[in-house]
Amino acid sequence: MTNFYPLPINETHDPHLRSWVQSANNHPDFPIQNLPFGVFTLGREARRIGVAIGDFVLDVSRLEGFFSPEVQDAFLRSHLNAFMGMGRTVWQEVRLTLSQMLREGFTDQDRLQNHLYSRDRVQMHLPFHVGDYTDFYAGIHHATRVGSLFRPDNPLMTNYKHVPIGYHGRSSSIVVSGTPIHRPKGQILPDPQSGPVFAPSKRLDYELELGFVVGSGNPLGQPISIEDAREHLFGVVLLNDWSARDIQAWEYQPLGPFLAKNFATSIGPWVVTLEALAPFRVSAFERASNDPRPLEYLHDERDQSLGGLDIRLSVALQTVSMDRPEVISENSARDLYWTPAQLLAHHASGGCNLRAGDLLGSGTISGPEQHQAGCLLEITMGGKHPLQLSSGEVRRFLEDGDTVQFSGHCEKEGFARIGFGVCSGTVAEG
């Protein structure tokens with residue numbers, strides 16, 4: 001196995017590893033090489049921290065004698081924040097221990113059997129307490145395509161390739177996958193001649209994103225260098241940045257989105273760690289020859305060579321008349337113009353303190369082709385070209401009862417496929 005700075009590829013990534021939990025072997029999302037963390041409940045019992053393995057969740061909060069006292073105490077909490085704040089050395093030690101415990105041949109399986117629960121039996125919750133939420137705009141194809149709707153001659157603003165663009169979002173309305181989404185009301189300007197009205201949004205949209213989860217933080221006033229930024233990232237979740245386009249169009253100038261974005265953000269229930277993603281690191285987005293070089297505080301050769309993530313994503317839509325979700329676009333995280341480390345380093349560059357559980361949204365991830373667009377605004381070009389579904393229905397924007405489902409996975413020759421599960425949300429009717 002090869003060691004890549006700063007994330008080693010080691011025995012936990014061995015594609016030949018098999019688990020005594022039979023459903024994990026060749027599982028498309030949760031083989032033994034993944035081991036993502038989440039929080040679940042059984043009935044009305046208290047929340048517990050678990051690890052996905054095949055079709056099961058391993059309740060790590062009830063295991064005794066496998067982890068250090070400090071880790072065991074962190075696993076007794078109702079969220080992952082304490083564990084996420086312990087740093088990469090601890091995260092790697094725990095991953096190795098879990099991998100060894102769940103491998104074929106482990107001699108103490110009886111101690112674990114009673115702590116395995118079918119994922120069909122459990123209810124998932126937010127995996128960590130989100131302290132602060134920042135949403136970036138790093139999907140360059142999304143920025144270009146949306147910009148072309150409003151500024152055909154200058155789709156990308158001058159600053160886009162110099163500075164990671166973002167805004168501070170709302171953490172209180174972040175919900176776990178499966179939570180119903182209520183159509184927001186707000187000020188809308190349907191007719192410039194008549195003035196704004198307060199009404200339900202008629203242009204409700206989704207945005208396909210990834211969420212980068214901060215682990216260990218930094219003291220106020222002490223920036224995080226680009227060289228150290230990756231050490232502060234714990235993992236990645238699927239993220240849907242629900243958006244009300246008509247409210248956004250009226251309110252966004254001059255300070256950016258506000259109520260159009262703060263009514264709901266969905267995240268997937270499983271945090272896939274950067275350790276699990278180590279084999280799927282790729283070079284940063286290849287900039288055009290005439291693009292500016294990032295300023296020094298955003299440039300690190302190692303980050304340029306291995307700072308990207310090869311995560312394949314898809315969006316599926318199901319209306320109330322459909323039997324199953326229909327995939328409407330497929331995308332890749334390789335199309336993010338800025339790496340996760342650059343986003344984090346920029347966020348902290350002015351001395352802003354980050355904390356365990358802070359969430360950094362990537363911005364909408366779209367590919368260069370129209371069918372790879374990561375939201376309906378792009379797919380329909382502002383509603384001008386309706387999306388035709390196999391059911392015979394069309395969509396310009398989301399209707400009540402529509403379910404949007406994101407999924408993501410990593411696949412590479414010589415390594416086991418790993419996935420994120422799904423992140424879904426249904427627009428509440430009425």
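Predicted model: local features only at pLDDT ≥ 70, side-chain atom pairs only at ≥ 80, totals over all residues.
Residues are numbered from 1 along each chain as its sequence is written, and side-chain values use heavy atoms, with hydrogens and water left out.

**View 1. Five strands form an open sheet in the order E6-E5-E4-E3-E7, with antiparallel pairing.** Strands here are DSSP runs of E with at least two residues, helices are runs of H or I with at least four, and both are numbered from the N terminus. Two strands pair if DSSP finds at least two bridges between them. Strand E6 (116-118) and E7 are the edge strands with a single partner strand each, so one side of each has no neighbour in the sheet. From one strand to the next, the twist averages 45°; axes are lines fitted to C-alpha atoms, for helices over the stretch in contact, and angles run from 0 to 180 degrees between N-to-C directions. Within the sheet, strand E3 (residues 37-41) and strand E4 (residues 48-53) pair in the antiparallel sense over 4 bridges. Helix H3 (residues 88-102) lies across E3, E4 and strand E5 (56-59), and runs at about 120° to E5; contact means heavy atoms within 4.5 Å.

**View 2. Phe37 and Phe83 make a tilted ring pair.** Rings of Phe, Tyr and Trp (its six-membered ring) pair if their centres lie within 6.5 Å, and planes under 30 degrees apart count as stacked, over 60 as edge-to-face and the rest as tilted. By this rule the model has 16 aromatic pairs. In the one shown, the ring centres of Phe37 and Phe83 are 5.2 Å apart with their planes at 50°, so the pair is tilted. Phe37 belongs to strand E3 and Phe83 to helix H2 (residues 81-84), so the pair ties together parts that are 46 residues apart in sequence.

**View 3. The largest pocket has a volume of about 1100 Å³.** Among its 39 lining residues, the closest to the centre are Tyr137, Val146, Gln248, Tyr252 and Pro257. On a 1 Å grid over the protein atoms alone, a pocket is an open set of points with protein on both sides within 12 Å along at least five of seven lines, where a cavity is a set of points where a 1.4 Å probe fits but cannot get out; lining residues have an atom within 4 Å of a point. Grid points are joined across faces, edges and corners, and a volume is the space filled by probe spheres set on the points. Strand E8 (133-136), helix H5 (140-150), strand E9 (166-168) and helix H6 (245-251) each supply at least two lining residues, and H5 gives the most, with 6. By class, the lining has 19 nonpolar, 10 polar and 10 charged residues; Ala, Val, Leu, Ile, Met, Phe, Trp, Tyr, Cys and Pro count as nonpolar, Asp, Glu, Lys and Arg as charged, and the others, Gly among them, as polar.

**View 4. The second largest pocket has a volume of about 260 Å³.** Its lining includes Phe30, Arg119, Met124, Trp270 and Phe420. E27 gives the most to this lining, with 3 residues. The classes come to 8 nonpolar, 3 polar and 1 charged.

**View 5. Another open sheet has 4 strands in the order E22-E21-E26-E27, with antiparallel pairing.** Its twist averages 15° from one strand to the next. Strand E26 (residues 403-410) and E27 run antiparallel and are joined by 7 bridges, where Gln405 has Ser424 in E27 as its bridge partner.

**View 6. A cis peptide bond joins Gln253 and Pro254, with omega about 10°.** Pro254 lies in the loop between H6 and strand E17 (265-267).
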